[in-house]
Amino acid sequence: MSDPRLASLVVVVCSLCAMPSFAAESSYVSCDNGLRCFKAPCPSSSALDLATGAIIKGVSIDASGLPQADKAITDLSDALYAGKIVVRGSIEHRTQTITGKKYNLPWLVATRIVRTAKDSERKHCSSH
């Protein structure tokens with residue numbers, strides 16, 4: 001690359017793409033999928049990406065980024081566990097050490113509650 005402006009632009013774009021805080025947000029329905037654990041990491045929860053239809057298995061939920069009004073819902077963990085609500089957020093992969101082994105596990109980082117989930121959006125849930 002002989003053009004320094006183009007090289008600088010490529011570096012900036014690559015840097016932005018690599019930053020987890022710029023992960024694309026989507027809407028998800030997360031719930032217990034009926035699978036049971038035999039050993040860690042546990043695949044018993046999944047999240048349906050409503051934009052793509054992809055199901056992410058073994059996902060954990062990070063609800064710490066929800067607005068205070070959304071956190072105030074009294075049965076928030078039950079609503080998340082049973083797939084009762086649609087949340088806006090992004091999937092991040094975080095390294096965790098479980099029984100001495102490192103795993104790169106998916107986390108749904110929720111940023112807000114969108115609405116109540118439809119029955120058709122809960123088909124991957126064990127309670128459906």
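## Strand E2

Strand E2, covering residues 45-49, is mostly covered, with 5 of its 5 residues buried, where buried means under 20% relative accessible area, exposed over 50% and partly exposed in between, with a 1.4 Å probe and protein chains only. From E2, Ser45, Ala47 and Asp49 point one way, whereas Ser46 and Leu48 point the other way, and all are buried. Strands, like helices, are DSSP runs numbered from the N terminus, a strand (E) having at least two residues and a helix (H or I) at least four.

This is a predicted model, in which local features need pLDDT of at least 70 and side-chain atom pairs count only at pLDDT 80 or more, while totals for chains, interfaces and linings use all residues. Residues are numbered from 1 along each chain as its sequence is written, and side-chain values use heavy atoms, with hydrogens and water left out.

## Neighbours of E2

Strand E1 (residues 26-32) is joined to E2 by 5 bridges, and the two run antiparallel; two strands pair if DSSP finds at least two bridges between them. Asp32 has Ser45 in E2 as its bridge partner.

E2 and E3 also run antiparallel, joined by 3 bridges, and the bridge partner of Ser46 in E3 is Lys57. The hairpin of E2 and E3 has 5 residues between the strands, and in it Gly53 takes a positive phi near 85°.

## The sheet as a whole

An open sheet is formed by 6 strands in the order E3-E2-E1-E5-E6-E4, with mixed pairing. Strand E3 (55-57) and strand E4 (60-62) each have a single partner strand and stand at the edges, so one side of each is left without a neighbour in the sheet.

E4 runs parallel to strand E6 (residues 101-116), to which 3 bridges join it, and the bridge partner of Ile61 in E6 is Leu108.

## The nonpolar core

The largest nonpolar core has 13 residues, and those with the most contacts inside it are Tyr28, Leu76, Ile85, Val87, Leu108 and Ile113; such a core is a set of buried Ala, Val, Leu, Ile, Met, Phe, Trp, Tyr and Cys residues joined through side-chain atoms within 4.5 Å. Helix H3 (76-81), strand E5 (85-98) and E6 are the elements that give two or more residues to this core.

Leaving aside residues up to four places away in sequence, Ile85 touches Tyr28, Val29, Leu76, Ala79, Leu80, Ile113, Arg115, Thr116 and Ala117, contact meaning heavy atoms within 4.5 Å.
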